[in-house]
Amino acid sequence: MKLTATDRIILNSYRSFLDGLADYLGTGFEYVLHSLEDCENSVIKIINGHHTGRKLGAPITDLALNMLNKIQDENLDGYISYESKNKKGNLLYSTTISVYGEHHRIIGLVCINYHVDTPLSETFPVFKMLDMTANNMINENFAVDVDGLIEQAYAEASQQVMADESISANLKNKEIVILLYNQGIFRMKDSVIKVAKLMDVSKNTVYMHLRGLKDK
């Protein structure tokens, strides 16, 4: 199979996706990105390859090809999950996910293999949170709509600024705008108008503070 330039861009975009999954889920999972352009050297990204001894440039496996055929022949939804064993007889829980390129062609595969005998403490880094203090935690606003997101972000920024006695009263609004800007809130549609309403100032005042940031 010959990949187009766009196909390669799409396929390579999965590299950072797998890095993120590996960081999040831990070392019990092996992550492999296959390119179907060259099945004899199909592995273009591999994380935790020590589980199988595979490295970059390794060929696609017979099982991965079999799963690909099942996805195509049985009109599955682009993926299939299954149980298997490696050469050592270790139990794996795996999934093979299709990567689609131009014209809805399957151009690659993401294969994730969970090695069941991995200690739980090494599988999910989330358990490390038990040793973290509140100061290490990052807050995330799970708002149900944009208005709610802006209101929550504003409330937290306002509380932080108002509690900081080192910030003079006439600079409070400016500091709130700076915090919201750094959080990316002003990427939202009509966010300036909504923030101005929450601050009880004109939208021009918010724009003035934003221009000051962009001029730096």
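Me: Which residues is Ser 94 in contact with, leaving aside its neighbours within four places in sequence?
Reply: This is a predicted model, in which local features need pLDDT of at least 70 and side-chain atom pairs count only at pLDDT 80 or more, while totals for chains, interfaces and linings use all residues. Residues are numbered from 1 along each chain as its sequence is written, and side-chain values use heavy atoms, with hydrogens and water left out. Contact means heavy atoms within 4.5 Å. On that basis the partners of Ser 94 are Ile 80, Ser 81, Tyr 82, Ser 84, Ile 112 and Asn 113.

Me: Which side chain forms a polar contact with that of Ser 94?
Reply: A polar contact is a pair of N or O atoms within 3.5 Å; within protein, one must be able to donate a hydrogen and the other to accept it, and residues adjacent in sequence count only if both atoms are side-chain atoms. For Ser 94 the distance is 2.8 Å, and the partner is Asn 113.

Me: Is Ser 94 buried or exposed?
Reply: Buried means under 20% relative accessible area, exposed over 50%, and partly exposed in between (1.4 Å probe, protein chains only). Ser 94 has 2% relative accessibility, so the residue counts as buried.

Me: In which strand is Ser 94?
Reply: Helices (H or I, at least four residues) and strands (E, at least two) are DSSP runs, numbered from the N terminus. Ser 94 belongs to strand 4.

Me: How many bridges join strand 4 to strand 5?
Reply: Two strands pair if DSSP finds at least two bridges between them. Strand 4 is joined to strand 3 by 7 bridges, antiparallel. Strand 4 and strand 5 also run antiparallel, and the number of bridges here is 9.

Me: Which residue in the turn between strand 3 and strand 4 has a positive phi?
Reply: These strands form a hairpin with 5 residues between them. Across the pair, Glu 83 faces Tyr 93 and Ile 80 faces Thr 96. The positive phi, about 90°, belongs to Gly 89.

Me: Why is one side of strand 2 and of strand 3 left without a neighbour in the sheet?
Reply: The open sheet has 5 strands in the order 2-1-5-4-3, with antiparallel pairing. Strand 2 (43-47) and strand 3 (79-85) stand at the edges, so each has a single partner strand.

Me: Which element has the lowest mean pLDDT?
Reply: pLDDT is the predictor's confidence in each residue, from 0 to 100. The protein has a mean of 85. Helix 1 has the highest mean among the elements, 96, and the lowest, 70, is that of helix 4.
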